[in-house]
Amino acid sequence: ASEEFLAVPSHVDWEGNIFICPLTPNQDTIRIVGNVLDSKYQGSVHRPVDRYWVAGQACVARWDLDGRWYRAMVLEIRHEGCTVMFVDYGTVEVVMVEDMRKDLFMTEIPIQCFPLQLENIHPVGEKWEQSVLDFLHSTVVDQTLNVVITNTDRDVNNNTDNYVGKLSTRAGLDIGHLLVRNGYARED
């Protein structure tokens with residue numbers, strides 16, 4: 001039993017996962033979460049308690065490119081800051097600790113995006129090449145696409161679901177077939 005819906009991809013990672021956000025009601029929810037976090041944190045002052053982090057810890061972090069605040073999770077502690085994943089988008093960035101806060105708001109709202117692997121689509125070589133991921137990113141990110149979930153595997157170690165499926169444009173162009181036909185990927 002497959003599930004079909006419209007979604008907007010927000011990010012493509014190094015493993016070829018496409019982070020997708022279902023169109024309704026998630027887009028409105030993301031906007032509301034963003035507005036609440038911006039109103040709570042814009043102009044806020046970094047406190048001593050905000051200086052120390054551990055991997056896996058939830059936080060609110062300011063994204064350097066737009067200056068807005070987003071829900072995040074610490075992935076790695078680094079000398080110059082922390083590597084965080086902006087959980088509602090799938091994007092991973094290094095953020096300065098001055099731009100991170102421990103006071104959490106909007107925690108009752110579930111994470112609004114999830115990673116999808118294209119069904120039967122694999123890199124041509126051992127791993128995805130950056131040029132292919134860049135092409136995939138420029139093709140799908142911020143576009144409204146049809147999503148069909150064909151399989152869900154439960155990862156008991158991470159307590160997460162891994163989704164497999166198909167992405168296509170609203171005109172019916174299959175993204176996986178596009179990659180294969182143009183030599184960016186192989187099909188099995």
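Arg71 lies in strand β4, strands (E, at least two residues) and helices (H or I, at least four) being DSSP runs numbered from the N terminus. This is a predicted model, in which local features need pLDDT of at least 70 and side-chain atom pairs count only at pLDDT 80 or more, while totals for chains, interfaces and linings use all residues. Residues are numbered from 1 along each chain as its sequence is written, and side-chain values use heavy atoms, with hydrogens and water left out.

Arg71 has a relative accessible area of 9% and is therefore buried (under 20%; exposed is over 50%, partly exposed in between; 1.4 Å probe, protein chains only). The side chain of Arg71 makes polar contacts with two backbone oxygens (N or O atoms within 3.5 Å, one able to donate a hydrogen and the other to accept it; residues adjacent in sequence count only if both atoms are side-chain atoms).

| Side chain | Backbone oxygen | Distance |
|---|---|---|
| Arg71 | Met106 | 2.8 Å |
| Arg71 | Ile109 | 2.6 Å |

Met73 is also found in strand β4, which spans residues 69-78. Met73 counts as partly exposed because its relative accessibility is 33%.

In helix α2 (residues 130-140), the buried residues are Val132, Leu133, Leu136 and Val140. These residues lie on the same side of α2, because they cover an arc of only 95° around the axis (taken from the directions from the helix axis to the C-beta atoms). Their cover includes β1 (3-12), β2 (18-22), β10 (145-155) and α3 (175-181), contact meaning heavy atoms within 4.5 Å. Asp142, which follows α2, has a positive phi near 70°.
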